[in-house]
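Try each task yourself before you read the solution.

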Amino acid sequence: MGRDRYNLSIAVFVLLLKGDELCMLRRSNTGWMDGCFSLPAGGLEKGETLSTAAARELKEETGVDAIPSELALVHTMHVWTENRSWIGHYFICREWSGVPFLAEPDKHAEVSWKKMSDLPEETIPYVRQAIEAINADESYSEYGWD
């Protein structure tokens, strides 16, 4: 009898850093967490590596280009939300080309630089937890498992 392997959705998040500030996007018109701040993020697609997916999502959402091999994986989070689990991988990007802008205005209302040590109150809770863990040099955390 074979094992029944558990399949997880994989998400990537990018902390685009300029000194002690990071680029955050305010969600809008999506029907989920609208008005809240998040990071450039999205799902891993078939045939992609994590770093390639992170660079792609960064480009799709902010218009900036990053080299996947220069992104640094700094945190992994196992999340339970909306009755399912998924894994989020958080990458830091310190070198890029271009100027961040609202590349997906149908999903975001604002792009702005926020201090990593003083996140907006409206930050998505698991994004806040990941950033706080990164600030504390923690490479792994879990969210939503009660």
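Buried means under 20% relative accessible area, exposed means over 50%, and partly exposed is in between. Keep in mind that the model is predicted.

**Exercise 1. Classify the ring pair of phenylalanine 13 and tyrosine 90, and say whether each residue is buried or exposed.**

Step 1. Start with the overall tally: there are eight aromatic pairs.

Step 2. Look at the geometry. The ring centres of phenylalanine 13 and tyrosine 90 are 4.3 Å apart, and the planes meet at 5°. Planes under 30 degrees apart count as stacked, so this pair is stacked.

Step 3. Phenylalanine 13 belongs to strand 1 (residues 9-18) and tyrosine 90 to strand 6 (residues 84-93), so the pair links parts 77 residues apart.

Step 4. Apply the accessibility cut-off. Phenylalanine 13 has 4% relative accessibility and therefore counts as buried. Tyrosine 90, at 0%, counts as buried too.

**Exercise 2. Which residues have the most contacts inside the largest nonpolar core, and which elements supply the core?**

Step 1. This core has 23 residues, and Phe13, Leu15, Leu22, Leu39 and Tyr90 have the most contacts inside it.

Step 2. At least two core residues come from each of strand 1, strand 2 (21-27), strand 5 (72-81), strand 6 and helix 2. Helix 2 gives the largest share, with five residues.

Step 3. Take leucine 39 as a worked case. Leaving out residues up to four places away in sequence, its contacts include Phe13, Leu15, Leu22, Tyr90, Val127 and Ile131.

Step 4. Another core, of 13 residues, lies apart from the largest one; among its members are Val14, Ala54, Ala55 and Phe91.

**Exercise 3. In which sense does strand 5 pair with strand 6, and in which with strand 8?**

Step 1. Strand 5 and strand 6 pair in the antiparallel sense over nine bridges. Within this pairing, valine 79 stands opposite tryptophan 86 of strand 6.

Step 2. Check the turn. Two residues lie between the strands of this hairpin, and glutamate 82 has a positive phi near 50°.

Step 3. Strand 5 and strand 8 pair in the parallel sense over four bridges. Here threonine 76 stands opposite tyrosine 140 in strand 8.

**Exercise 4. Compare the backbone and accessibility of asparagine 29 and methionine 33.**

Step 1. Recall the background: most residues other than glycine have a negative phi.

Step 2. Asparagine 29 has a positive phi of about 60°, and the phi of methionine 33 is near 55°, also positive.

Step 3. Asparagine 29 is in the loop between strand 2 and strand 3 (37-38), and methionine 33 is in the loop between strand 2 and strand 3 as well.

Step 4. Asparagine 29 is exposed, with a relative accessible area of 65%, whereas methionine 33 is partly exposed at 28%.

Conventions: Residues are numbered from 1 along each chain as its sequence is written. This is a predicted model: local features need pLDDT of at least 70, side-chain atom pairs count only at pLDDT 80 or more; totals for chains, interfaces and linings use all residues. Side-chain values use heavy atoms; hydrogens and water are left out. Rings of Phe, Tyr and Trp (its six-membered ring) pair if their centres lie within 6.5 Å; planes under 30 degrees apart count as stacked, over 60 as edge-to-face and the rest as tilted. Buried means under 20% relative accessible area, exposed over 50%, partly exposed in between (1.4 Å probe, protein chains only). A nonpolar core is a set of buried Ala, Val, Leu, Ile, Met, Phe, Trp, Tyr and Cys residues joined through side-chain atoms within 4.5 Å. Contact means heavy atoms within 4.5 Å. Two strands pair if DSSP finds at least two bridges between them.
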